[in-house]
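Open the model in your viewer and keep the selection tool ready. We begin at one residue and then zoom out.

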Amino acid sequence: MRYDKEQRELTLEEAKDKALRLLEFRAHSEKELADKLKRAGAKESDIEEILEFCRDYGFVNDRSYALSKARDLKNLKKYGVRRIKSELYSKGIPAEYIEEAVSELDYEENDLLPLVRKKLKGDFEKKNVDKCIRYFIYRGYSFSDIKSCIENIKQEYGE
């Protein structure tokens with residue numbers, strides 16, 4: 001946020017240009033876009049009109065945004081289901097789109113196993129195992145899945 005300038009109200013055209021510039025760089029959810037326009041100084045009535053314009057032309061679509069974001073969070077950041085739901089919720093995505101996006105992801109234990117193996121590096125001291133569990137819980141995986149992976153890896157190492 002800029003502190004050197006006084007916050008002035010944007011006209012409809014300025015706010016629309018701002019929205020299109022924001023969408024030029026990456027996709028945004030409706031809530032994200034509305035929040036950014038509000039911080040920039042757009043009026044509430046103008047924001048709703050701009051969102052309607054963006055919806056009509058397909059520039060903003062929360063459903064496709066949720067599907068794409070969920071895929072990216074799973075494949076790039078290696079997040080689990082709970083963390084993905086939390087991230088999408090924080091972006092203002094409606095619950096039905098979140099559930100649809102998460103249901104399209106196919107999670108298997110095989111996805112988590114190599115990640116846990118890499119994190120543990122064959123060290124099964126209690127301190128290291130606890131650290132690994134915390135790490136993956138934070139990333140949205142269930143405790144039972146993590147514990148199961150650790151047990152499988154222990155069996156591989158013959159412990």
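## Stop one: Ser29

Select Ser29 and show its neighbours. Leaving aside residues up to four places away in sequence, Ser29 touches Val60, Asp62, Tyr65, Lys91 and Ile93. Bear in mind that this is a predicted model.

Now colour by helix. Ser29 sits in the loop that links helix 1 (12-25) to helix 2 (30-40).

Is Ser29 buried or exposed? Ser29 is buried, because its relative accessible area is 0% and the cut-off for buried is under 20%.

## Stop two: the whole chain

Switch to cartoon and select everything. The protein has nine helices and zero strands. Its pattern along the sequence is α-α-α-α-α-α-α-α-α.

The C-alpha atoms fill a box of roughly 70 × 35 × 20 Å. The radius of gyration is 21 Å, whereas a compact globule of 159 residues would have one near 15 Å.

## Stop three: surface and charge

Show the surface. The accessible area is about 10,400 Å², and carbon and sulfur atoms account for 48% of it. Buried residues are 35% of the 159.

Last, colour by charge. There are 34 positive and 34 negative side chains. The centres of the two sets lie 7 Å apart.

Conventions:
Residues are numbered from 1 along each chain as its sequence is written. This is a predicted model: local features need pLDDT of at least 70, side-chain atom pairs count only at pLDDT 80 or more; totals for chains, interfaces and linings use all residues. Side-chain values use heavy atoms; hydrogens and water are left out. Helices (H or I, at least four residues) and strands (E, at least two) are DSSP runs, numbered from the N terminus. The radius of gyration is taken over C-alpha atoms; the globule rule is 2.2 Å times the number of residues to the power 0.38. Buried means under 20% relative accessible area, exposed over 50%, partly exposed in between (1.4 Å probe, protein chains only). Accessible areas come from the Shrake-Rupley method with a 1.4 Å probe; for residues, only the protein chains shown count as cover. Lys and Arg count as positive and Asp and Glu as negative; His and the chain ends are not counted. The place of a charge is taken as NZ of Lys, CZ of Arg, CG of Asp or CD of Glu. Contact means heavy atoms within 4.5 Å.
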